[in-house]
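Me: I would like to learn how to read a structure like this one. Where do we start?

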Amino acid sequence: MSLQQLTEKIEKAPELDFGSIFNDSIELFKKVWVPGFVTILLTLLLMLPFYIVMYLPLITMGIMDPEMLEHGGPAVSMGTMIFTYGMMLVFLVAVCYISLALQAAFYRICKYKDLGIEGKEDYFYFFKKQYFKRTLVLGLMTSLIAMLATMLCMLPVFYVIVPLSFMPMFLALKPELEWKDNLKASFALGNKKWLITFGLIMVSGILAQFVGMLACGIGVLFTAAFGKLPVYFIYKKVIGIEEEETSEIDEIGKLEL
């Protein structure tokens with residue numbers, strides 16, 4: 001499906017019912033809470049090496065010479081600063097890439113569970129070579145958009161959180177889209193259904209956190225995925241999800257940027 005066709009569907013999108021989508025999300029959560037937990041766990045585990053790479057040199061320098069970081073000369077301070085900011089940038093892009101790839105894989109699993117299709121729960125589907133460049137660029141764009149929104153006094157963050165939430169959905173179910181088209185489609189759908197999407201994200205996210213905290217805090221790992229499900233059903237009701245697309249996704253060849 002081309003960007004033009006997607007845009008036409010978005011423009012003709014029907015009115016959505018908050019309660020219906022919320023109830024559908026609860027029903028699907030019963031089927032995907034385990035994949036959701038695995039996705040959260042994999043995200044944390046894959047991010048761990050980047051935390052180590054970023055902080056280990058600073059910790060090592062602090063142990064070897066505790067006074068160096070506090071009283072070091074301008075050259076040391078500048079070098080440390082450049083290294084730290086450079087690693088923070090790499091870390092941010094890596095985190096966005098990992099998060100986007102795993103979220104897209106989770107939504108792909110949601111589609112299988114929702115439609116009752118037997119299929120492998122491939123959490124690393126979008127780490128494959130043919131998806132690497134596209135996912136990396138989308139992850140980088142997510143980083144830049146989030147950074148710019150944060151720099152503008154935080155208020156724009158509440159706006160961009162909605163269209164950015166649709167990016168892994170389009171990656172999961174329309175992986176043939178160029179990254180620019182993915183971005184345009186995500187913002188088109190986000191703008192069209194911003195209010196209901198934002199409301200559902202907030203309500204489901206708060207509920208997931210509350211229920212998770214009741215289970216001694218660690219339960220959040222099991223309930224966090226619930227906050228992502230309303231986006232799936234908004235996409236489904238506006239764009240549509242057809243069973244035959246499943247085999248089409250698996251047969252897509254090597255993608256180019």
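Reply: Helices are DSSP runs of H or I with at least four residues, numbered from the N terminus. This is a predicted model, and in it N182 lies in helix α7.

Me: Is N182 buried or exposed?

Reply: Buried means under 20% relative accessible area. N182 has a relative accessible area of 2%, so N182 is buried.

Me: Which residues does N182 touch, not counting residues up to four places away in sequence?

Reply: Contact means heavy atoms within 4.5 Å. N182 touches L138, M167, F170, L171 and L177. With M167 there is also a polar approach: a polar atom of the N182 side chain lies 3.4 Å from the backbone oxygen of M167.

Me: What is F170 in contact with, leaving aside its neighbours within four places in sequence?

Reply: The list for F170 includes L6, P175, N182, L189, Y235 and I239. F170 is also among the residues with the most contacts inside the largest nonpolar core, together with F126, L229, Y232, Y235 and V238.

Me: How many residues does that core have, and which element gives the most to it?

Reply: The core has 57 residues. Among the elements that give two or more residues are α1, α2, α5 and α7, but α6 gives the most, with ten. A second, separate core has six residues, including Y97 and Y123.

Me: How do I read the length of a helix, say α5?

Reply: Compare the reach with the expected span. Helix α5, residues 129-151, reaches 34 Å from its first C-alpha to its last, close to the 33 Å expected. The buried residues of α5 include Y131, L138 and I145. After α5 comes C153, with a positive phi near 65°.

Technical notes:
Residues numbered from 1 in each chain as written. Predicted model: local features only at pLDDT ≥ 70, side-chain atom pairs only at ≥ 80, totals over all residues. Heavy atoms only, no water. Expected span 1.5 Å × (residues − 1). Buried < 20%, exposed > 50% of the residue type's maximum accessible area, 1.4 Å probe, protein only. Core = buried A, V, L, I, M, F, W, Y, C linked by side-chain atoms within 4.5 Å. Polar contact = N/O pair within 3.5 Å; in protein donor to acceptor, adjacent residues only side chain to side chain.
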